[in-house]
Structures are given as C-alpha cells and as structure tokens.
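Here are some friendly notes to read alongside the structure. Take the points one at a time, and find each residue in the viewer as you go.

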Amino acid sequence: MVMLNVSCQGLHGHSWLQAATELEASGETYVLVTVLGTSGSTPRGSGTKMVVSQNNIYATIGGGHLEFKVIEQARCLIEQGKACQAIENFQLGASLGQCCGGNAVVMLEVFSCDNLPLDIYGAGHVAQALIPMLAQLPIKIRWIDSRADIFPAQLPANVQQIIDHEPVAQVSSAAANSAFLILTHNHQLDFELCQAIIKRDDALWLGVIGSNTKNKKFQHRLAHRGFSPAQIQKMICPVGLSQVTGKLPMEVAVSIAGQLIELYQGTQAHKQQQQQQKRQGLQWQTLKNTLTRLTESEFEHSKKSYD
C-alpha cells in the first residue's frame, strides 16, 4: 500500500511549484515528476507535473495505478540519496489495470538535499541563541526536548520541533550520518544520549555542552561500560571552537555555530568531489529510444483507430 500524505488529512492543496519551493527551503529531498509525452488515452496530458517527497505528494498526474507506481519509483530514487534523473514508459493497459489503454512517458528528477542533518537535544538558552544562526545555514535540524512550552512560537523552515518525554528514543529515528548536538539541562540525560548515539556507530559528529571535568567523567563512565577508546573519542566535549571563549549563551552559541560551519563545509567539499567524479546526466540515447517507442506506439494506435 502506497502511503500518500503523512502531514495532512486528505490531499495537499499546494501546487507542485509551491511544494518544490517549500521543500527546497526546508532542506528535504524531493522528486519532480513530469509527463513528457503520451499516446492514446491517458489521465493527463504532456507537461503535467507533481512532486513526491518521502512522506507526502503534491498535485497529481491523474491518479490511479499509474500515479501509485510513479510514487513508488520516486521514493525508491529518494532512498538512494543522490540527485539523478530517470525516464519510465508506462503502458496504461492490462499491466497497470487502467482502462485508458494509452502510454505515458514520465521523467522523474530527484532534487537531493545536501544539507547537514543535525539533531539538537535541549531547548534551553544556548539552543535558543543558536537556532536563529543555524536557520541561515544549509543544515536540516530536528530540535528535541521534553518541554513543549519552552520552544519559541515560530520556528525556521529548516527546523522540525520534536516533543518527546523520552528524548533518548529519538536517537534511533535520526537520519544516517547525522550530526548530534547535546545541550540539555540534565547531565544524566546527556550521558544516556551519548551512549545511544555512539552505539549507532554512524554519527558524523557528536558535540556535548559541558566542561573539561564533565568530559573526563563521561569518558571514564563510557570506558567502564565497555566502549572502546576510538568510540569515546568521537565525543567532543566541551563542544565549540576553543578560540571562541565566554560563557554567555550567545558566546557559547557562536562558538558552536563556528564548529558546525567547519563541519558542513568539509562535508560538502567531500560530496562535491565525489559527485564530480560520478556525475552522469540522463543519456541522450536513453531519451531518444524512449521517445521513439512512444512515437511508434502512437502510430500503431492511430492505425488501429483508422482501420
């Protein structure tokens, strides 16, 4: 069963353009679906567009089994985690269970989010000072705390608020290769979060607010629980750039923001290098062959109608 929309009841009222704009702002990967060409009877004509994200769809290319198959294909591409294009030729006859009987050639363009995924635990003074700065950076944030009333009324587009009375449970929901920043008001909670994050074994970065004394205590406790020196060294405590000193919330926030900028810039440079080595557009021969088959199908359909 294809899941359509998680964030709303029924269907979205957004146009495909509004959806693409909002998803781009929030740093979420999405697929732009375009009907390139049709032959025979089809639900919608050439040029029709829709947008598919991991959890939602916006607009429609006509519904039915065709649209469900397109959504499935789009989400398979999203899971690959990279920008790409694909063209599919759908027969709207017996194979899709639609009585239209025509053909539709559909292009799927994946707009992949390169934003750094960051989970922030704690919504206290430092986090409140930090979030407005991160709102202007290519970082996709899950902001987690058990206290609903402590969050600001308005959040930036790249921030998702999560209220959970058991914040440690959110660690398992984090995206792969996420960065983690622990800013809670509870040292025991900080330690439990550290354990859960290190156990994931895929954290891109782990920063913990605190002091050198706190760092030594946490290292000792982690070693006592069987964590290796290499695992323990993944924890950065105190978090923030050492050359940016001060204890005011804004001073600490600026220090952490500088460290996060350094992190995502290094990550983006590595990704860009990989993409330049591997990037391949949609091959012209693939597009030509697909459109040729569509033209031949249109000719056969017209010939049968004439006969």
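1. A definition comes first, since a later point needs it. Ala, Val, Leu, Ile, Met, Phe, Trp, Tyr, Cys and Pro count as nonpolar, Asp, Glu, Lys and Arg count as charged, and the others, Gly among them, count as polar. Please also keep in mind that this is a predicted model.

2. Now use those classes on the second largest pocket. How many nonpolar, polar and charged residues does its lining have? The lining has seven nonpolar, nine polar and four charged residues. In total, 20 residues line this pocket, and the space in the pocket is about 430 Å³.

3. Two elements, α4 (187-200) and α7 (249-278), each give two or more residues to the lining. The largest share comes from α7, with three residues.

4. Pro238 sits in the loop between β11 (235-236) and α7. The peptide bond that leads from Cys237 into Pro238 is cis, and its omega is near 0°.

5. Let us step back to the chain as a whole. The chain has 307 residues, and buried residues make up 40% of them. Its secondary structure comes to eight helices and 11 strands. If you take the contacts between residues at least 6 apart in sequence, 60% of them join residues at least 24 apart. The chain exposes about 16500 Å², and carbon and sulfur atoms supply 52% of that area.

6. Which of its residues are buried? They are Ala19, Ala20, Leu23 and Ser26. Looking down the axis of α1, you find these buried residues within an arc of 135°, so they line one face of the helix. The face turned away from the buried side carries Thr21 and Glu24, which are exposed. As for what covers the buried residues of α1, the list includes β1 (30-39), β2 (49-53), β3 (57-58) and β7 (139-145).

7. Now follow the chain out of α1. The helix is followed by Gly27, which has a positive phi near 80°. Glu28 then lies in the loop between α1 and β1. Glu28 counts as partly exposed, at 22% relative accessibility. Setting aside residues up to four places away in sequence, Glu28 touches Leu23, Ser53, Gln54, Phe111, Cys113 and Lys140. Glu28 and Asn115 are 87 residues apart along the chain, yet their C-alpha atoms are separated by 8.4 Å.

8. Thr29 is also in the loop between α1 and β1. Is Thr29 buried or exposed? Its relative accessible area is 16%, so Thr29 is buried, the cut-off being under 20%. Beyond its neighbours within four places in sequence, Thr29 is in contact with Ser53, Gln54, Ile78, Val110, Phe111, Ser112 and Cys113.

9. Another loop to visit runs between β8 (159-163) and β9 (179-182), and Gln170 is found there. Gln170 has a relative accessible area of 13%, so this residue is buried. Apart from neighbours within four places in sequence, its contacts are Asp119, Tyr121, Arg142, Ile144, Ile162 and Asp164.

10. Asn177 is placed in the loop between β8 and β9 too. Although Asn177 is not a glycine, its phi is positive, at about 60°. With a relative accessible area of 48%, Asn177 is partly exposed.

11. Finally, turn to Asp201, in the loop between α4 and β10 (205-208). What is the phi of Asp201? The value is near 65°, which is positive in a residue other than glycine. At 52% relative accessibility, Asp201 counts as exposed, because exposed means over 50%.

How values were computed: Residues numbered from 1 in each chain as written. Predicted model: local features only at pLDDT ≥ 70, side-chain atom pairs only at ≥ 80, totals over all residues. Heavy atoms only, no water. 1 Å grid on protein atoms, 1.4 Å probe; cavity = no way out; pocket = protein on both sides within 12 Å on 5 of 7 lines; lining within 4 Å. Points joined across faces, edges and corners; volume = space filled by probe spheres on them. Helix = DSSP H or I, 4+ residues; strand = E, 2+ residues; numbered from the N terminus. Buried < 20%, exposed > 50% of the residue type's maximum accessible area, 1.4 Å probe, protein only. Arc of directions from axis to C-beta. Contact = heavy atoms within 4.5 Å. Areas by Shrake-Rupley, 256 points an atom, 1.4 Å probe, with all protein chains shown as cover.
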